[in-house]
Amino acid sequence: MVAFDDQFRRQLRELFIWRRDVRRFRTDPLPEGALERLIDIACLSPSVGLSQPWRFVIVEDGARRRAVIDDFKTCNADALASYSGERAARYAALKLSGLEEAPGHLAVFADKASDIGHGLGRATMPETIEYSVVAAICAMWLAARAEGIGLGWVSILTPALIYESLDVPQSWKFIGYFCVGYPQAEFDRPALERANWEYRRASKEFTIRR
């Protein structure tokens with residue numbers, strides 16, 4: 001078994017602390033093969049029944065990217081309209097997408113119809129397929145941060161439009177759309193905390209004993 005020392009564990013914790021959901025990107029291009037390398041690492045993640053249900057779509061076509069950006073703008077305007085008063089003003093001040101600046105776009109799906117893994121572990125909790133893909137995303141996010149690359153998870157989108165724009169099978173479950181690139185600046189606190197939208201609570205608030 002490979003042993004990891006105290007120094008490594010401290011550095012690993014620092015990596016977790018400094019991982020951020022990035023919205024403000026430089027326009028510098030990513031190194032050749034960077035996205036593919038991060039996907040390789042994501043595929044090392046655990047998956048229910050070794051089903052490996054993740055499906056990654058690197059979005060390079062300009063028209064497809066523009067369709068996603070336009071949809072975000074529409075959905076973001078609708079979301080803003082759902083708030084009022086001070087909360088609406090705070091929402092309007094948030095930067096919730098780096099889609100126009102980030103050099104990389106990546107869509108991630110779960111192939112729920114795949115027979116890889118032969119259904120092991122899914123009979124009682126079929127949603128573990130999606131959970132497996134989210135685990136892969138988290139691994140990729142940390143690996144990206146270790147290289148100084150930022151990811152921004154854009155959820156203010158219309159899933160149906162994503163299927164249409166990217167021409168992917170309807171049987172895949174859309175999990176997330178990510179802008180990928182180098183951050184303009186690095187922070188050890190979430191952007192929404194810095195903007196006074198919400199704050200990070202201590203783990204004891206989410207832990208119970210039985």
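Student: What makes the contact between the side chains of Glu147 and Arg37 a salt bridge?
Tutor: Keep in mind that this is a predicted model. The side chains of Glu147 and Arg37 come to 2.7 Å, N to O. The cut-off is within 4 Å, so the pair counts as a salt bridge.

Student: Which parts of the chain does that pair link?
Tutor: Distant ones. Glu147 sits in the loop between α5 and β3, and Arg37 in helix α2, residues 34–42. They are 110 residues apart.

Student: Why is Glu147 called partly exposed?
Tutor: Its relative accessibility is 33%. Buried needs under 20% and exposed over 50%, so Glu147 falls in between. Arg37, with a relative accessible area of 34%, is partly exposed as well.

Student: What makes Asp28 and Arg26 a salt bridge?
Tutor: Their side chains meet at 3.3 Å, N to O. That is within 4 Å, so the label holds.

Student: Are Asp28 and Arg26 buried, exposed or partly exposed?
Tutor: Asp28 has a relative accessible area of 33%, so it is partly exposed. Arg26 stands at 35%, so it is partly exposed too.

Student: How do you know that Asp111 and Arg55 form a salt bridge?
Tutor: The N to O value is 3.1 Å. The limit is 4 Å, so the pair qualifies.

Student: Why can we say that this pair ties parts of the chain together?
Tutor: Asp111 lies in strand β2, residues 104–111, and Arg55 in strand β1, residues 54–58. The two parts are 56 residues apart in sequence, so the pair ties them together. Both Asp111 and Arg55 are buried, so each has under 20% relative accessible area.

Student: How many salt bridges does the rule give?
Tutor: The count comes to 16. There is also a network of salt bridges linking Arg66, Asp70, Lys73 and Glu100.

Student: Why is strand β3 called largely enclosed?
Tutor: Strand β3 covers residues 150–154, and four of its five residues are buried, so the rest of the structure largely encloses it.

Student: What makes β3 and strand β4 a pair?
Tutor: At least two bridges are needed, and β3 and β4 have five, so they pair. The sense is antiparallel. Trp153 stands opposite Phe178 in β4.

Student: How does the span of helix α5 compare with what is expected?
Tutor: Helix α5, residues 128–146, has 19 residues. From first C-alpha to last it reaches 27 Å, close to the 27 Å expected at 1.5 Å a residue. Just after α5, Gly148 takes a positive phi of about 80°.

Methods:
Residues are numbered from 1 along each chain as its sequence is written. This is a predicted model: local features need pLDDT of at least 70, side-chain atom pairs count only at pLDDT 80 or more; totals for chains, interfaces and linings use all residues. Side-chain values use heavy atoms; hydrogens and water are left out. The expected span of a helix is 1.5 Å times one less than its number of residues. Buried means under 20% relative accessible area, exposed over 50%, partly exposed in between (1.4 Å probe, protein chains only).
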